[in-house]
Amino acid sequence: MGLGAALIGEEEEQLVTEVIRSRNLFRFTYSLPVEQQGAMCGTLEKEFRAMTGAEYALAITSGTAALEVALGALGVGPGDEVILAAWSWISCFTAVVRLGARPVLAEMDESLCLAPGEITRLHTPRTKAAIVVHYQGVAADMDPIMAEARALGVKVLEDCAESTGAFYKGRAIGSIGDIGIYSFQYQKMITCGEGGMVVTSDPKLYERAVRFHDIGNVRDYFKQFVDPREAAFSGSQFRMNEMTGAVALAQFRKLPAIRKRCRELSRRVMAKLCDLPGIALRHIPDPEGDNGIEVYFFLPDAEVTHRVTEELVRRNVPCTRMTGTYCHYARDYCKHGTTHAEGWSPFADLGPMPAEGYRAEDFPRTEALVNRFVALPLGVL
């Protein structure tokens with residue numbers, strides 16, 4: 001159970017009941033004036049804008065859908081390359097492939113996020129964007145990452161799915177790059193079962209995101225925020241409904257309390273760990289900005305890590321890896337380069353998969369890190 005899921009209660013029930021009694025489950029109820037449509041989703045977006053400082057926010061059906069919408073807004077497509085850490089959630093890789101582009105895998109550093117310098121190392125004339133995943137409550141080191149991306153003309157998509165509410169040097173993650181996404185899936189900090197959000201301060205990207213998530217439309221509701229200038233294009237259908245928006249809104253309002261409690265607990269645990277011999281705590285680029293949802297530490301080698309993990313489990317200390325994250329090169333979709341359409345793949349010109357850049361031996365830094373860490377998930381109750 002995720003942190004937000006543990007706190008589902010009267011607040012969610014009250015807002016859902018309001019939606020049911022209104023009978024306006026669809027966000028764009030045409031019988032209502034534009035400004036009254038989508039009260040739950042619209043309020044959620046408004047409060048997200050306030051939290052992040054972004055000019056625009058768009059509620060989406062899931063974090064995975066939000067990635068596709070954001071990539072679509074950036075114009076990512078066939079022939080493009082998108083850099084992302086080899087250690088990241090499935091959707092980061094598959095969303096790129098779904099848009100016809102090639103994911104280019106990068107090393108991570110001791111923050112368990114994209115290592116600074118990797119965009120520069122991996123950049124080619126085909127590089128369109130980089131996805132920076134803020135992994136499990138901790139912001140990546142955005143200053144050097146943004147500096148190299150800007151120098152190379154690479155757009156930055158911040159994946160905040162696992163770190164809603166985290167900050168980097170006083171700025172909310174998601175508002176630092178060109179566009180950001182969040183997830184409200186059941187295991188996340190806040191949840192509505194499935195849901196997501198896209199944020200940006202670029203009106204062009206916002207309009208394109210709106211079109212991509214709603215079959216190419218810019219409905220009158222969104223014209224309150226942007227004057228449409230982009231040509232219509234074929235989009236998908238990733239609209240959040242009002243029932244989902246109600247739960248997400250109630251959960252979002254609990255985020256400060258969740259973050260406060262997790263930071264308190266994580267500081268207590270880290271204070272006990274920091275002086276133990278053979279232990280190195282996860283690097284946190286901005287210690288004041290992290291969410292504290294899990295404590296990570298590194299041990300000298302994989303064998304010691306295995307023994308320590310077994311002993312912790314024996315003592316009923318939860319230390320299993322909760323996110324389901326694995327290196328992409330260890331998964332079948334990457335090993336084989338398969339796609340939904342037989343005979344088509346953005347990896348076709350690389351030869352038999354796994355090709356260079358998609359094998360464990362190509363990522364010595366990442367391999368050294370993922371086999372030596374222990375994760376201690378924290379609760380909120």
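Here are some numbered notes on this predicted model, to read with the structure open.

1. **Ground rules.** Residue numbers start from 1 along each chain as its sequence is written. This is a predicted model, so local features need pLDDT of at least 70 and side-chain atom pairs count only at pLDDT 80 or more, while totals for chains, interfaces and linings use all residues; side-chain values use heavy atoms, with hydrogens and water left out. Helices (H or I, at least four residues) and strands (E, at least two) are DSSP runs, numbered from the N terminus.

2. **The sheet.** Start with the open sheet of 7 strands, in the order β1-β10-β9-β6-β5-β2-β4, with mixed pairing. Two strands pair if DSSP finds at least two bridges between them. β1 (56-60) and β4 (102-106) stand at the edges with a single partner strand each, so one side of each has no neighbour in the sheet. From one strand to the next, the twist averages 20°.

3. **One pairing up close.** Look at β6 (residues 155-159) and β9 (residues 179-183), which run parallel and are joined by 3 bridges. Which residue in β9 is the bridge partner of Glu158? That would be Gly180.

4. **Helices across the sheet.** Helix α3 (residues 63-73) lies across β1, β2 (81-85), β5 (127-133), β6, β9 and β10 (196-200), and runs at about 170° to β9. Helix α4 (residues 90-98) lies across β2, β4, β5 and β6, at about 150° to β4. For these angles, axes are lines fitted to C-alpha atoms (for helices over the stretch in contact, meaning heavy atoms within 4.5 Å), and angles run from 0 to 180 degrees between N-to-C directions.

5. Ala106 lies in strand β4 and is buried, with a relative accessible area of 0%. Here buried means under 20% relative accessible area, exposed over 50%, and partly exposed in between (1.4 Å probe, protein chains only). Leaving aside neighbours within four places in sequence, the contacts of Ala106 include Ile83, Leu84, Leu114, Phe363 and Thr366. Gly343 is 237 residues from Ala106 in sequence, and the two are 26 Å apart in space, C-alpha to C-alpha.

6. **Cysteines.** A disulfide is a covalent bond between the sulfur atoms of two cysteines. How many disulfides does the count give? It comes to 0, taking a disulfide as a pair of cysteine sulfur atoms within 2.5 Å. For Cys41, the nearest cysteine sulfur is that of Cys192, 9.1 Å away; Cys41 is buried at 0% relative accessible area. Cys113 has its closest cysteine sulfur in Cys160, and 11 Å is too far for a bond. Cys113 is buried too, at 1% relative accessibility.

7. **The cavity.** Rolling a probe the size of a water molecule over the atoms shows where empty space is left. The search uses a 1 Å grid over the protein atoms alone: a cavity is a set of points where a 1.4 Å probe fits but cannot get out, a pocket is an open set with protein on both sides within 12 Å along at least five of seven lines, and lining residues have an atom within 4 Å of a point. Grid points are joined across faces, edges and corners, and a volume is the space filled by probe spheres set on the points. The whole structure has 1 cavity of 30 Å³ or more, and the largest cavity holds about 80 Å³ of space. Among the residues lining the largest cavity are Gln136, Met270, Arg282, Glu294 and Tyr296. β12 gives the largest share of that lining, 3 residues.

8. **A pocket by β4.** The second largest pocket holds about 220 Å³ of space. Of its 13 lining residues, Val104, Leu122, Glu356, Gly357 and Tyr358 are the closest to its centre. β4 supplies the largest share of this lining, 3 residues.

9. **β12 and β14.** These two strands run antiparallel and are joined by 5 bridges. In β14, Pro377 is the bridge partner of Glu294. Strand β14 (residues 373-377) is largely enclosed by the rest of the structure, because 4 of its 5 residues are buried.

10. Most residues other than glycine have a negative phi, and most peptide bonds are trans. Leu112 has a positive phi of about 70°; it sits in the loop between β4 and α5 and is buried at 1% relative accessibility. Asn316 has a positive phi near 65°, but Asn316 is exposed, at 70% relative accessible area. Finally, a cis peptide bond joins Met353 and Pro354, with omega about 5°.
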